[in-house]
Amino acid sequence: MHTVQLAHTADLEPALRTGARALLFEVFGDMTDADWEHCLGGMHALVLADGEVVGHAALIQRRLMHGGRALRAGYVEGVAVRASLRRRGVGRSLMAALDRIADAAYDLAALGASDEAVPFYRALGWQQWRGPASTLTPSGLLATPDVAGAIFVRPGAAPLDLDGELTCGWRDGDVW
């Protein structure tokens, strides 16, 4: 088990914030400033080694619409582990910390997974969304079929139909 530090973006020391951002840009070759901004405004889970951020995950609040309801969702962003430390439980420890928060504070938890991360989230008990996905844009509802199979949820208090439609709010960059 790894020691996970939790901090809200507002309380994140500047060096840790800079280190988390650097790790994400190192791990994800196509990371953008908009992707980094998606990680801000919520809780960060960090694992450090020799004072350096080697693992990061964030949980932010989003509204997801499903079954005629606007649900408070704990949305997971920026899950990254330094390559040399993968498959050693760092990611599992980060997610356990965020799952505890999401279970206590939100109607459900959700995330958009990369293809290589799908087995990881399945192993942690996250459920793959099977229904259609969309986003509510400034000009109306827009289907997002490109995310089919990439959306995962962790049900909470709200009843979910995994075959129903799930809609997220609009944001710059990747909407999911």
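Two strands pair if DSSP finds at least two bridges between them. Helices (H or I, at least four residues) and strands (E, at least two) are DSSP runs, numbered from the N terminus.

The structure is a predicted model, in which local features need pLDDT of at least 70 and side-chain atom pairs count only at pLDDT 80 or more, while totals for chains, interfaces and linings use all residues. Residues are numbered from 1 along each chain as its sequence is written, and side-chain values use heavy atoms, with hydrogens and water left out.

**Exercise 1.** Determine the pairing of strand 7 with strand 8 and with strand 10.

*Solution.* 
Step 1. Strand 7 and strand 8 (residues 140-143) run antiparallel and are joined by four bridges. Within this pair, threonine 137 has glycine 140 of strand 8 as its bridge partner.
Step 2. The two strands form a hairpin, with two residues between them.
Step 3. With strand 10 (residues 166-169), strand 7 pairs in the parallel sense, again over four bridges.
Step 4. Buried means under 20% relative accessible area, exposed over 50%, and partly exposed in between (1.4 Å probe, protein chains only). Four of the five residues of strand 7 (residues 133-137) are buried, so this strand is largely enclosed by the rest of the structure.

**Exercise 2.** Locate the loops that hold aspartate 50 and arginine 87, and state the phi value of aspartate 50 and of arginine 87.

*Solution.* 
Step 1. Aspartate 50 occupies the loop between strand 2 (43-49) and strand 3 (52-66). Although aspartate 50 is not a glycine, its phi is positive, at about 55 degrees.
Step 2. Aspartate 50 counts as exposed because its relative accessibility is 85%.
Step 3. Arginine 87 belongs to the loop between strand 4 (69-81) and helix 3 (90-105). Its phi is near 65 degrees, a positive value in a residue other than glycine.
Step 4. Arginine 87 has 87% relative accessibility and therefore counts as exposed.

**Exercise 3.** Describe the surroundings of leucine 23, and give its distance from leucine 64.

*Solution.* 
Step 1. Leucine 23 is placed in helix 1 (residues 14-27). With a relative accessible area of 1%, leucine 23 is buried.
Step 2. Contact means heavy atoms within 4.5 Å. Once neighbours within four places in sequence are set aside, leucine 23 is in contact with Val53, Val54, Gly55, His56, Ala80, Val81 and Arg82.
Step 3. From C-alpha to C-alpha, leucine 23 and leucine 64 are 28 Å apart in space, and they are 41 residues apart in sequence.
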